[in-house]
Amino acid sequence: MRSGKIERNTSETRVSVAVDLDGVGNAHISTGVGFFDHMLDQIARHAPLDLELTAKGDLHIDAHHTVEDVGIAFGQAVDRALGDRKGITRYGDAHVPLDEALTRVVVDVSGRPFLVYEVKFPAQKIGDFDTELIREFFQAVAVHARIGLHIENLRGVNSHHIAESAYKGFARAFGKAVAINPRAQNQVPSTKGTLTS
């Protein structure tokens, strides 16, 4: 089973994440931030992977610490679930539309964290959710899952649609990248022989 579990407790947040990369899209998510829960559910459904995630944060300040710490814990759980990364496809890409919005996402499960993020939102908020926090989440995931991640919104005028196409795009690209390659199940997909350092 390619699964990982992380508990992250700080003075700002308490986060628990359990992820199963070979799951079927089952999700139980509660962060106290409704729109964010909806986006995390998109990751589970479209990768697909199973995700159990709870977070209690200092929402009386804002959602920043909660969103960032969820990204950190999710990335760490993914890194743990990947283990030595043998047999994975490594690369994945997706173009995902949502009505007028279209986003391209490319993932390299490389062991080298990097984020390229070219997404602009017409509105600073989606409901009560700050759109700038979407970058913070993906930055934390890229660093702590140790993946190369490129997210580019190609078009869109509705901020909700743009955000959802980005999360679904990440899910689809990530799901392809971590899928087992049946032709190389016992090989690390790197000429270096490792993707963990």
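The model is predicted, with pLDDT of at least 70 needed for local features and 80 or more for side-chain atom pairs, while totals for chains, interfaces and linings use all residues. Residues are numbered from 1 along each chain as its sequence is written, and side-chain values use heavy atoms, leaving out hydrogens and water.

Leu149 touches residues including Val105, Val107, Phe138 and Phe170, not counting residues up to four places away in sequence; contact means heavy atoms within 4.5 Å.

Nine aromatic pairs are present, a pair being rings of Phe, Tyr and Trp (its six-membered ring) with centres within 6.5 Å. In one of these, the ring centres of Phe137 and Phe138 lie 5.2 Å apart with planes at 70°, so the pair is edge-to-face (over 60 degrees; under 30 is stacked and the rest tilted). Both Phe137 and Phe138 are buried (under 20% relative accessible area, 1.4 Å probe, protein chains only). Both also belong to an aromatic cluster whose members include Phe74, Tyr167 and Phe170.

Helix α3 (residues 132-145) and α4 have axes that come within 12 Å and cross at roughly 10°. That makes α3 roughly parallel to α4 (angles under 35 degrees). Their contact is made by Ile134, Phe137, Phe138 and Val141 of α3 and by Ala163, Ala166, Tyr167 and Phe170 of α4. Helices here are DSSP runs (H or I, at least four residues) numbered from the N terminus, and axes are lines fitted to C-alpha atoms over the stretch in contact, with angles from 0 to 180 degrees between N-to-C directions.

Note on methods: Buried means under 20% relative accessible area, exposed over 50%, partly exposed in between (1.4 Å probe, protein chains only). Helices (H or I, at least four residues) and strands (E, at least two) are DSSP runs, numbered from the N terminus. Angles under 35 degrees count as roughly parallel, over 145 as roughly antiparallel, 65 to 115 as roughly perpendicular and the rest as oblique.
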